[in-house]
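The following note is intended for a colleague who is meeting this structure for the first time. Please read the points with the model open alongside.

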Amino acid sequence: MRAGTILGWYRRRGRRSDDKLKVANTAMAATLIPSIPSIRRPFQIPLYPFSPKPKSHKHLTLIRSQTSSDVSKSQTKKPHNNDGIPIDLVKTLARFKSRHNFIRVLEVSRKSDHPFAGSRLLLLDTPGNIHSISFLVKLLTGTYFDVFATFPPILPPGPLGILGFGAGSAAKLILELYPQGVIHGWELDPAVISVGREFFGLSKLERQFPDRLFVYVGNALNANIDSGFSGLLVDLFSNGRLIPELQDPNTWMKMKKKLREGGRIMVNVGGSCVEAEDSRTDGKVIMEETLKAMEKVFPGEVFVLDLGRKKDDSSIAVTGKLPDLDLWKKDVPKSLRFYVDMWKPFTE
């Protein structure tokens, strides 16, 4: 999964702060790295997982050139829009390398004057894109995961597959909002699943919904169940970009064959806000190539929801004929209904 970048955290009540944090139950050896020193610099926080009224969300970078007085002045003028947060309001709960990822778990203080205040964030890859988010006191995230949570009402009966499970942000929303929902999730990195269980409440979800949540470690592109999926949520990023396979129509054809009759696919296709490890990579171009590949397999049946103030900043795509919007709205939580009106047909 992916979203802008950010840093910070509150640790679990009663948990000790260590310079090195070992993540339990990780099947692969992980090289542990000391926590980030507590320096007084602001982090540039992307509002990318966007807030309930879509905004432009920038990628999170550490501003090294600003002085503390500069930061103070900018925050006084624009407490939310400067996207910055003092590092002393951010805690690093885990920071290590697994076989597949550079993993960081961050907690943003509830004292922060920012939409992510009180959240825990999972950052993967070197740029630090957000792949999961969880709040202590609320369910909805104010991010693209909330768009994913509008998906079940337009699917036929049957299990939903999540390709790119992350720490379980999408699964948590769907399991809580739709009592009949059954989820099969695939995640390549076992360390990410361990982090989800340790810091994002995934263990609790698995205990709470033993007959509705099934998590697998492995290549999500090989995901399959005998009965077929009613729908697939696709959130597959690596090295800060959509995986190359998603720009190949053959990948989408294989996914289509895994669907039940009437099944659909909803995809985080990223956009210009996605920061890749290779600076030559353009997130907008990759998004467009991905949408074109989808269109070849689902001609005339690809719709796009743009997030952010400018087109292509970040987008979600869905396949299938656009359903009756009024009926769709009736079946999603009231606070998410405005997303239903945001879908537009994809045009090259």
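Which elements do the buried residues of α4 pack against?

1. Helix α4. The buried residues of α4 pack against β5 (90-97), β6 (102-108), β7 (119-124), β10, α5 (202-208) and β11 (213-217). Helices (H or I, at least four residues) and strands (E, at least two) are DSSP runs, numbered from the N terminus. Because eight of the ten residues of α4 (residues 190-199) are buried, this helix is largely enclosed by the rest of the structure. Buried means under 20% relative accessible area, exposed over 50%, and partly exposed in between (1.4 Å probe, protein chains only). The buried residues of α4 are Pro 190, Ala 191, Val 192, Ile 193, Ser 194, Val 195, Gly 196 and Phe 199.

2. Basis of the model. This is a predicted model, in which local features need pLDDT of at least 70 and side-chain atom pairs count only at pLDDT 80 or more, while totals for chains, interfaces and linings use all residues. Residues are numbered from 1 along each chain as its sequence is written, and side-chain values use heavy atoms, with hydrogens and water left out.

3. Confidence. The predictor's confidence in each residue is given as pLDDT, from 0 to 100. The chain has a mean pLDDT of 79, with 72% of its residues at 70 or more. Over residues 1-82, pLDDT stays under 50, and the model has 246 contacts beyond four places in sequence for these residues. A contact means heavy atoms within 4.5 Å.

4. Overall composition. The chain has eight helices and 18 strands. Of its 348 residues, 54% count as buried. Among contacts between residues at least 6 apart in sequence, 70% join residues at least 24 apart.

5. Nonpolar cores. A nonpolar core is a set of buried Ala, Val, Leu, Ile, Met, Phe, Trp, Tyr and Cys residues joined through side-chain atoms within 4.5 Å. The largest has 46 residues, and those with the most contacts inside it are Leu 213, Leu 233, Met 266 and Trp 343. Helix α3 (residues 169-177) gives the largest share of this core, five residues. A second, separate core of 30 residues includes Ile 225, Ile 243, Leu 246 and Phe 346.

6. Met 266. Which residues does Met 266 touch, leaving aside its neighbours within four places in sequence? Its contacts are Val 147, Phe 148, Thr 150, Phe 151, Leu 232, Leu 233, Val 234, Ile 316, Ala 317, Val 318 and Trp 343.

7. Largest pocket. On a 1 Å grid over the protein atoms alone, a cavity is a set of points where a 1.4 Å probe fits but cannot get out, and a pocket is an open set with protein on both sides within 12 Å along at least five of seven lines; lining residues have an atom within 4 Å of a point. Grid points are joined across faces, edges and corners, and a volume is the space filled by probe spheres set on the points. The largest pocket has a volume of about 530 Å³. Its lining has 27 residues, of which Glu 187, Leu 188, Phe 237, Ser 238 and Ile 243 lie nearest the centre. Strands β10 (183-187) and β13 (237-238) each supply at least two residues of this lining. By class, the lining has eleven nonpolar, ten polar and six charged residues. Here Ala, Val, Leu, Ile, Met, Phe, Trp, Tyr, Cys and Pro count as nonpolar, Asp, Glu, Lys and Arg as charged, and the others, Gly among them, as polar.

8. Cavities. The whole structure holds three cavities of 30 Å³ or more. The largest cavity contains about 90 Å³ of space. It is lined by 13 residues, of which Ile 133, Ser 134, Gly 168, Ser 169 and Lys 172 lie nearest its centre. The elements giving two or more residues to this lining are β8 (129-135) and α3. The second largest cavity has a volume of about 60 Å³. Helix α3 gives three residues, the largest share of the lining of this second cavity.

9. Ser 134. This residue lies in strand β8. Ser 134 counts as buried because its relative accessibility is 13%. Beyond its neighbours within four places in sequence, Ser 134 is in contact with Gly 118, Ser 119, Arg 120, Lys 172 and Phe 200.
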